[in-house]
Amino acid sequence: TTEIYTLSLHDALPIFMTDTGNFAFSNTTATTLTIASKLLQRIGNPSALHRKIWASFSTGSLAAFGRILTRVQGFCENRLIVSHITLKDCDELHITYADIEHAVNFLGNIRGAEVFVLIKETAAATHRVSLRSAGTFSVSDYARAHEGGGHDFAAGATLYGTVDECIEQLTNFWSAQL
């Protein structure tokens, strides 16, 4: 949290907002809220900042969210939620993965979701995987074992194969954990 003071005010609060899920994730502490309060006292009304982060999607980004949501698959009684997006989708919608950076978090809104995963094609048979946890199961060990990293409840990894093969790898591992 001390590193946050080296950022500009308009850069610091968005990090607090997104990395804590608008202060709803388990990594939100009293210290987090105290620092956010100090930032807000200096910035003033946070509505413009909130709008910049959460109400600034392009039509292509929203269409991508739609594709991701129509591809949702639930496993282990919906405790594991998986979806994917392809390079073809990005090309058709004129977006990059940066335009949908937080899309994986929407998958966590599915009732019962404990671990939620977005598979993003990066090349033929290569996929970047965004892993999130609702706070009970750590995803970081899985990520580190698959050319990635992160922290307990948000991590990234690389998987190889088709989308279906990646989903099989994920379900094989997580069905034993969940």
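This is a short talk on one predicted protein model, from its overall layout down to a few side chains.

First, the ground rules. The model is predicted, so to speak of local features we need pLDDT of at least 70, side-chain atom pairs count only at pLDDT 80 or more, and totals for chains, interfaces and linings use all residues. Residues are numbered from 1 along each chain as its sequence is written, and side-chain values use heavy atoms, with hydrogens and water left out.

Now the overview. The protein has eight helices and six strands. Helices (H or I, at least four residues) and strands (E, at least two) are DSSP runs, numbered from the N terminus. Along the sequence the pattern reads α-α-α-α-β-β-α-α-β-β-α-β-β-α. Of the 178 residues, 41% are buried. Buried means under 20% relative accessible area, exposed means over 50%, and partly exposed is in between, with a 1.4 Å probe and protein chains only. Next, contacts, meaning heavy atoms within 4.5 Å. Take the contacts with a separation of 6 or more: 52% of them are between residues 24 or more positions apart.

On to the sheet. What is the strand order? It is E1-E2-E3-E4-E6-E5, in an open sheet of six strands with mixed pairing. Strands pair here if DSSP finds at least two bridges between them. E1 (73-75) and E5 (149-151) are the edge strands, and each pairs on one side only. From one strand to the next, the twist averages 25 degrees. Angles like this run from 0 to 180 degrees between N-to-C directions, and the axes are lines fitted to C-alpha atoms, for helices over the stretch in contact.

E1 pairs with E2 (residues 80-85) in the antiparallel sense, over three bridges. Gly74 has Ile81 in E2 as its bridge partner.

Move along to E4, residues 126-133. Why is E4 described as largely enclosed by the rest of the structure? Because seven of its eight residues are buried. On one pairing, E3 (residues 115-123) and E4 are antiparallel over eight bridges. There, Glu121 stands opposite His127 in E4. E3 and E4 form a hairpin with two residues between them. Look at Ala125 in that turn: its phi is positive, about 65 degrees. E4 also runs antiparallel to E6 (residues 154-160), joined by seven bridges. In that pairing, Thr126 has Tyr160 in E6 as its bridge partner.

Next, helix H4, residues 59-70. H4 has twelve residues and reaches 17 Å from its first C-alpha to its last. That is close to the expected 16 Å at 1.5 Å a residue; the expected span is 1.5 Å times one less than the number of residues. Which residues of H4 are buried? They are Gly60, Ser61, Ala64, Phe65 and Ile68. These five cover an arc of only 145 degrees around the axis, so they sit on the same side of H4. The arc is taken from the directions from the helix axis to the C-beta atoms. What do they pack against? The buried residues of H4 pack against E2, H5 (87-93), H6 (103-107) and E3. The face turned away from the buried side carries Thr59 and Thr70, both exposed.

Now the aromatic rings. Rings of Phe, Tyr and Trp (its six-membered ring) pair if their centres lie within 6.5 Å; planes under 30 degrees apart are stacked, over 60 edge-to-face, and the rest tilted. The whole structure has five aromatic pairs. Tyr142 and Phe173 have ring centres 4.8 Å apart and planes at 50 degrees, so this pair is tilted. This pair links distant parts of the chain: Tyr142 is in H7 (residues 140-144) and Phe173 in H8 (residues 163-177), 31 residues apart. Phe173 also pairs with Trp174: centres 4.9 Å apart, planes at 85 degrees, so edge-to-face. Tyr142 is buried at 3%, and Trp174 is buried at 2%. Phe173 is partly exposed at 32%. Elsewhere, ring pairs link Phe57, Phe65 and Phe106 into a cluster.

Last stop: His151, in strand E5. His151 is partly exposed, at 46% relative accessibility. Leaving aside neighbours within four places in sequence, His151 is in contact with Val139 and Ser140. His151 and Ser140 are eleven residues apart in sequence and 5.2 Å apart in space, C-alpha to C-alpha.
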